[in-house]
Structures are given as structure tokens and as C-alpha cells.
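Hi there,

Here is the structure I promised to pass on. Please open it alongside this note, and my findings follow below.

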Amino acid sequence: MIGALMLDIAGTTLTQEDIELLGAPQVGGVILFGRNIESPAQVRALTDHMRQVRPDILIAVDQEGGRVQRLKQGFTLLPAMGKFGELYQTNREKALELAEKCGWLMATEVLAVGIDFSFAPVLDLNDISDVIGDRSFAKNIQDIIPLAGAFLKGMKRAGMASTGKHFPGHGSVKADSHVAAAIDMRSYEEIQQKDMQTFIQLQSKLDALMPAHVIYSQVDPNPAGFSEFWIQKVLRQELGFDGVLFSDDLSMQAACVAGGADARIQAALKAGCDMGLVCNDRAAQCIALEGIQDLPLPNQQRLERMRGKIPEIQISTELNLGDEWRQIRDEISQFKDQVL
């Protein structure tokens, strides 16, 4: 059974404390960070150990490309998604081809080391946000939708579920919600007609969404991830989205409006999130776990959609994933080098 809390670990192997935490019924996932990564073989050994301890655990990572890429040593360094948007201005066909190949390559390498999914892709606009920038495919919706669609197609072909972020859009908010309260003062109509369109038009291709830690103050006083209006009324009812909803990291500054770690994850789950992330703070993770231990487990059938098609392979030293992988890796690496 999959629980409602996703947490992280400190090192490259499991400690006894990690093992005990993974046994808690309400722990459902682990997210890996750069500090957990030494090599492909080490990551696969770590994820295999996690599944020995907790066979039903979901394992995730942020492997977007560009400046948000946790798996580096021994993995393909991916371009920022904005590079495909730049190419799209002059060669649309090539940009779409490379975006699809990049989605496949990212997913293939992540799955090979036993990780179910990457929290990708970013569907925000590259507008005024300090934290989004070239993590976005482009500055306008007309370009984002085909490029993100191609990337999603590649992920799906590799056997990985997708997570669009950060609903209903973080690109038009300047503040970085990791370190500050992020407030968007636009009307619902403005947000719906602009930022939300990528999520609306791509929702049939998405397995999950991650709401933004942004307060859309003209719409609801709560950040979107704590808002029954955004999650229940807009996403579930009006848009009919039936995929998984992950909270963004509940340790982020913009999440503090809800109170302590227990209050934050309770608020996220009450609003309608399926799983809450509490990262980089073991004490907060324990408080959050205590706060939800008596709540019912989340929707199991929905969360099972996130389980990756992980190959049964042994990784001795370097990745060696076949001819297609080598060809696409070389093509994406060459493109990345060209655009830097």
C-alpha cells in the first residue's frame, strides 16, 4: 500500500533510521537529490535496497534538464527545455523531434537506475518568474504545447509517467516560492486564458500535476496546493482531471502560511492532493508523518499510475542501454553543446 508522504534521505545508502521510516504505512514515496547520487550503479543499488525494504514505494527525482538535473555523474547532461523553444523559432520540425528524443532519453536513463518517474515537464510560461526561466519550453503557449507534447510522447514511449508543473502557472509570478511568499494578483479569467492553457490542452497526456505554491489572491486566499477551489472545483470538477496530484515541497517558504509540517501536509491532503512532499528536513518529515498517521491511505489505483517500467538489468559500471540509447544520447549531447 502506498502512503501519502514523500520524503528524502541524507546519503547514498539507507541508514537504519531511513529503513524504519520507509516501513511507516503513510510513507509512499522517496525523492532523490544530488547528494544521493554517485554513479548509475550506486543509484540502482540504492533503489533496489529501498524496494527490498518497501516493495510498493514510489521513487522520484527532478530530472528536467538544464539547471534542474539531479542525475549527472554517468548520465547524459540534458539541455534546458528553453533551448528547444529557441530552436522552434527557426526549425520547428527539428525542435519537436529533439524534444521527443530528449523526453525518451531522460526517462530511459532514470528508469534504468530504478527510479519510477521524474517530476517533469515544467508547463509554466517563461515570463517574469525568477525560478522558472529556461526551465520552461518557451515564452508563449502556442510554442509550449507542441514542444511539451513531444517531450511527453518520448517519456511515455520509454515507460514513464509524467507530472506537469506548476498548476495553474508559476511563470507570471516573479517571486521564487522556495524562499519567499509568491502572490499573483491577476483575475481568474486572466490566469485561465493565459497560463492555464498549457495544462488544459495537455491534460489528457498527463498522469499527474503539481500545484504551485502561489497565492492567486483574487481567486483564493490559499496557495494553489492548499486550495479546494483550485484542486476540487477547477481541476477535478471543471477540467475533469483524474490523475495524481502531488504537493510541491512543503518545506518551501511559500508553504509556511499553513503552519507546521503537520498542518501543511494535512492542508494539502484535505484540499485534494494525493501525496505531500516534505524535503530536506528529517524532523519536519517525522512531524508530518505523525500528523497524518491516522488518516486513510490515498487512492491506490490513482497512485499506481506513477509506477515506472523499470528494466531488470544489472549496472556494473557505466550505463549501457543499447544502440538507440547511444544514438539519441549522442544527438542530444551534440545539440546541448551547440546551444551553449
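To start with strand β7: how many of its 5 residues are buried? The answer is 5 of the 5, so β7 is largely enclosed by the rest of the structure. Buried here means under 20% relative accessible area, exposed means over 50%, and partly exposed lies in between (1.4 Å probe, protein chains only). Helices (H or I, at least four residues) and strands (E, at least two) are DSSP runs, numbered from the N terminus.

Before going further, some housekeeping. This is a predicted model, in which local features need pLDDT of at least 70 and side-chain atom pairs count only at pLDDT 80 or more, while totals for chains, interfaces and linings use all residues. Residues are numbered from 1 along each chain as its sequence is written, and side-chain values use heavy atoms, leaving out hydrogens and water.

**The sheet**

β7 belongs to an open sheet of 8 strands with parallel pairing, in the order β6-β3-β2-β1-β12-β11-β9-β7. Its edge strands, each pairing on one side only, are β6 (117-118) and β7 (163-167). Two strands pair if DSSP finds at least two bridges between them. β7 runs parallel to β9 (residues 208-211), joined by 4 bridges, with G164 partnered by L209 in β9. On its other pairing, β9 is joined to β11 by 2 bridges, again in parallel, and there L209 has L245 as its bridge partner. Both faces of β9 are covered: A208 and M210 are buried on one side, L209 and P211 on the other. Elsewhere, β2 and β3 pair in the parallel sense over 4 bridges, and L32 has V61 in β3 as its partner.

**The annotated positions**

An unreviewed UniProt entry carries the annotation "active site" for H178 and D248; such positions are given in the numbering used here, feature names are shortened, and annotations may be inferred rather than shown by experiment. D248 is found in β11 (residues 244-249) and counts as buried because its relative accessible area is 10%. Not counting residues up to four places away in sequence, D248 touches H166, M210, P211, H213 and L277, where contact means heavy atoms within 4.5 Å.

**The core**

The largest nonpolar core has 113 residues, and L32, M50, W230 and F246 have the most contacts inside it. α4 gives the most to this core, with 11 residues. A nonpolar core is a set of buried Ala, Val, Leu, Ile, Met, Phe, Trp, Tyr and Cys residues joined through side-chain atoms within 4.5 Å. Leaving aside neighbours within four places in sequence, the contacts of F246 include F117, L209, M210 and M306. M50 is one of the buried residues of α2, whose cover includes α1 (16-22), β2 (27-32), β3 (58-61) and α4 (92-112).

**Salt bridges**

A search of the whole structure finds 29 salt bridges, each a side-chain nitrogen of Lys or Arg within 4 Å of a carboxyl oxygen of Asp or Glu. D56 and R54 form one of them (2.8 Å, N to O), and both residues are buried. Another joins R236 and D274 (3.3 Å, N to O). That pair links helix α8 (residues 228-238) with the loop between α9 (261-271) and β12 (275-277), 38 residues apart. R236 is buried because its relative accessible area is 16%, and D274 is buried at 5%.

Happy to talk any of it through.

Best wishes
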